[in-house]
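Please read the points below with the sequence and the coordinates open beside them.

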Amino acid sequence: MIGYLLRRVGGALLVLFGLSIVVYGLFYLAPQDPAVLTCGKGCTPERLAEVRAAMGLDRSVVTQYGEFLRGLVLGRDYPAGPDVRHCPAPCLGYSFETDQPVTALLADRLPVSASLALGAEILSLAVGIGAGLLSGLRRFRLLDRLVNGLVLAGYALPVFLVGLFLLMLFCVQLQWLPFPTYVPLRTDPVAWAQNLLLPWIALAVIQSAAYARLTRAGVRQTLAEDHVRTARAYGFTERRIVFRRALRGALVPLVTLTAVDVAAIMASAVLTETMFGLPGVGQLLVGAVNQIDLPVVVGVTLLTGFLVVVANAVADLLYAAVDPRVQLR
Amino acid sequence: MTLLSVRDLRVSFGETRAVDGLSFDLAAGGALGLVGESGSGKSATALALLGLHHDATLSGQVDFDGTELTTATEHRLRAIRGAGIAMVFQEPLTALSPFHTVGDQIAEVYRLHTGATRRAARDRAVEVLGRVHIPDPARRAGAYPHQFSGGMRQRALIAMALACRPRLIVADEPTTALDVTVQAQILDLLDEVRTTTGAALLLISHDLGVVAGATESVVVMRDGVAVEEGPTATVLTTPRAAYTKDLLAAVPRPTPPRRIDGEPLLRLRGVHKHFPPPRRRSLRRTEKVRAVHDVTLDVREGESLGVVGESGTGKTTLARMMVGLIRPSSGTVTFAGTDVARRRGRSVQMVFQDPMSSLNPRRTVGESIADPLRLLGEPAPRTRVEDLLVRVGLTPAAYDRYPHQLSGGMRQRVGIARALAPNPRLIVCDEPVSSLDVTTQAQVLALLSDVRREFGLTLVFVSHDLAVVRQVCDRVAVLHSGTVVELGEVAEVYERPQHPYTRELLAAVPVADPEEARRRREQRRALAAQRS
């Protein structure tokens, strides 16, 4: 078990290392020069050279990358006019655009993305498992068809369409909810939930469709297995069979998918965040890419990679936890 | 006193009649065998007793201890399932839930029927696990089914059946998936359970030998009807119905000994086969799996050599090395003086265990048989293939059939025809009849000895079934943990086994003669007592 975790952590570090190299490399292949953007209009060549030196862009890519890695592990010092700014480890540098530490930017955005992801995931699981279970039981044919239809629709609908529709309906037509803005959970839990409700629903429409399909297939499969026949032969009620046996079997693939999905939403719900004006990680990334804000782009990418790697490890651990036949080696 | 009385039971699935007017009685504490080949309606009967059929129409009467089961409410049936009548199923791995520990599953059943506390149910689970001789039951109750061996799983299922002190235990092919020694242990256990708890036993099996030792009376089924019934001793020794006679005749029996002193055709010298371990558990070097370990033997020209052993003893690995499908890790396998792996095609052929998966499902069987001929450069092998099909008892029209359109016995005939096609001198058969019904098995065995005689073949016959080997083979090699522990003339080995493992194997073989079966049970108990 400990060996497994160590190997897992080692693998994760390798992935993140590779990822940072790729992002750095891609960035330098991009045709635009961030210094030109920062310098603005009417920039003289002398001024441009100054800016470039200040941003550290005058050194070779390899040197810059080395500096970056050093900063990440040990922290690093930036020249700021006459003074020196110390950026403590893990240092991801300062945004070219806003001059704020990237770590601070990320720390700012992460709670928003986490709120969005966790809420959406809980809603999706509740709806998905419920619908999947009902349609998996074969007892309600009509319901099964209905769920299937909705699942297909859920798959087909793009999130911005669902989002727009929800906004139009609840904020414009019915005026039941205010236009969403982000309110931190600590400030006002009710307002937090109220504002996030629509984005949660928008994401859950798609997500729960996937879960419903998976649950349905899992329930069907387990109900056809021999041990369910044994349970029947020993006088179990159908209800007990469904909840103690069938759902248990359906849970296995669901659990692993959920872990990966949480990470995916946290890192990449760009459309949803933009539509509902949520200042999350996805939004930060879009802005940074548009501005060629290298430190922020690298920071977000590494964070995303980190989340995905962690989620996969969590998924494996959960998989072993829910299925006793799985051994982690 | 009659515990279970079945009258004119009919079970049909749509148009198909699975059980067609079956009647029998089972006394309290008695043991009844239900025997028949696949499709005879045995299992359908078992499921019908407990109302476990989904989409079947039932008629007739099933009286269990004063309750009419065919008309009972679902609620009443649920109370009887497990508590009044307990089932032991065929596949113990899939019959237990993989997600719950063995102890929990037994305790759950007990709680369901008795309303006992968790603690009491847990104690009962440990108690019944001890009852079926699971070692260290308190600890093993916390294990999952996949952590048990096949025999232990079957014991666990029997423990589950015992949990609520049922009056009747229905065992549906409880030993089919098990090795012969484990099968004997399970049958002995069922017998012991019956005598100590007083529960009646309804034992369902395709194997007359299984039923012979464990039951008092027997019902022989065919196509959903009982063709004969009566005391086990009478039915199996002096059968009246023609079908029962056929079944008994199909049971393999010893043939007069032949002495073959031919030149060694296939020589195995110090053959080892090691496989890398399935997966590394740690950075330390792990033990290799020793499938075959230091086997030296000769296959003489013209003889039939049996290779017997239980699952995991390296039988199949050895068979594959004999035909050169895999190379030994060390040692040599030579055929008429040359390394068998260097010889191409023709002289050594193989008949595989599962004729369905060893034939390409997308090609006609004729094409499959024609392949080795084409390899030998025959441009139009069709007529030759049709001759072969006729030779193995099929029609030339079978050429254009696909494997799924044939029965199991017909598919194995195709497998034999394919092996015969390139005129081999040696055929290695790996469990060629283990997936077949007893009458089909007898036909295929007869075919094999016919073609052996006709084509002057040398046969290597790999099997877990000692009775079959005794009938077919001249000499036998007993394989245990990858090593040959005994090798000799069949009559010699079977009459005077030298190695303890051989003795254990032979004592475990089920026999159709009830007297002999009882004698062997005593012998097994004596052997077990000796060991402990």
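The notes that follow concern a predicted model and take up a helix pair, a chain contact and a hairpin.

1. In chain A, helix α1 (residues 2–29) and helix α13 (residues 294–322) have axes that come within 10 Å of each other and cross at roughly 155°. Since angles over 145 degrees count as roughly antiparallel, α1(A) and α13(A) are therefore roughly antiparallel to each other, and their crossing is right-handed.

2. The residues that make this contact include, on the α1(A) side, Arg8(A), Leu16(A), Leu19(A), Val23(A) and Phe27(A), and, on the α13(A) side, Leu294(A), Val298(A), Thr301(A), Gly305(A) and Val309(A). Sorted by class, the contact of α1(A) with α13(A) has 14 nonpolar, 3 polar and 1 charged residues.

3. Between the chains, 17 residues of chain A are in contact with 24 residues of chain B. On the chain A side, α9 (226–233) and α10 (238–268) each supply at least two of the residues that touch chain B, and α9(A) gives the most, with 5 residues. The division by class on this side of chain A is 4 nonpolar, 5 polar and 8 charged.

4. In chain B, strand β19 (residues 475–480) pairs with strand β20 (residues 483–489) in the antiparallel sense, over 6 bridges. Which residue of β20(B) is the bridge partner of Val478(B)? The partner is Glu486(B).

5. The strands β19(B) and β20(B) form a hairpin with 2 residues between them, and in that turn Ser481(B) has a positive phi of about 50°.

Notes
Residues numbered from 1 in each chain as written. Chains lettered and ligands numbered in written order. Predicted model: local features only at pLDDT ≥ 70, side-chain atom pairs only at ≥ 80, totals over all residues. Axes fitted to C-alpha atoms, helices over the stretch in contact; angles between N-to-C directions. Helix = DSSP H or I, 4+ residues; strand = E, 2+ residues; numbered from the N terminus. Parallel < 35°, antiparallel > 145°, perpendicular 65-115°, else oblique. Left-handed = near helix turned anticlockwise from the far one by under 90°. Contact = placed C-beta atoms within 7 Å. Nonpolar A, V, L, I, M, F, W, Y, C, P; charged D, E, K, R; others polar. Pairing = 2+ DSSP bridges.
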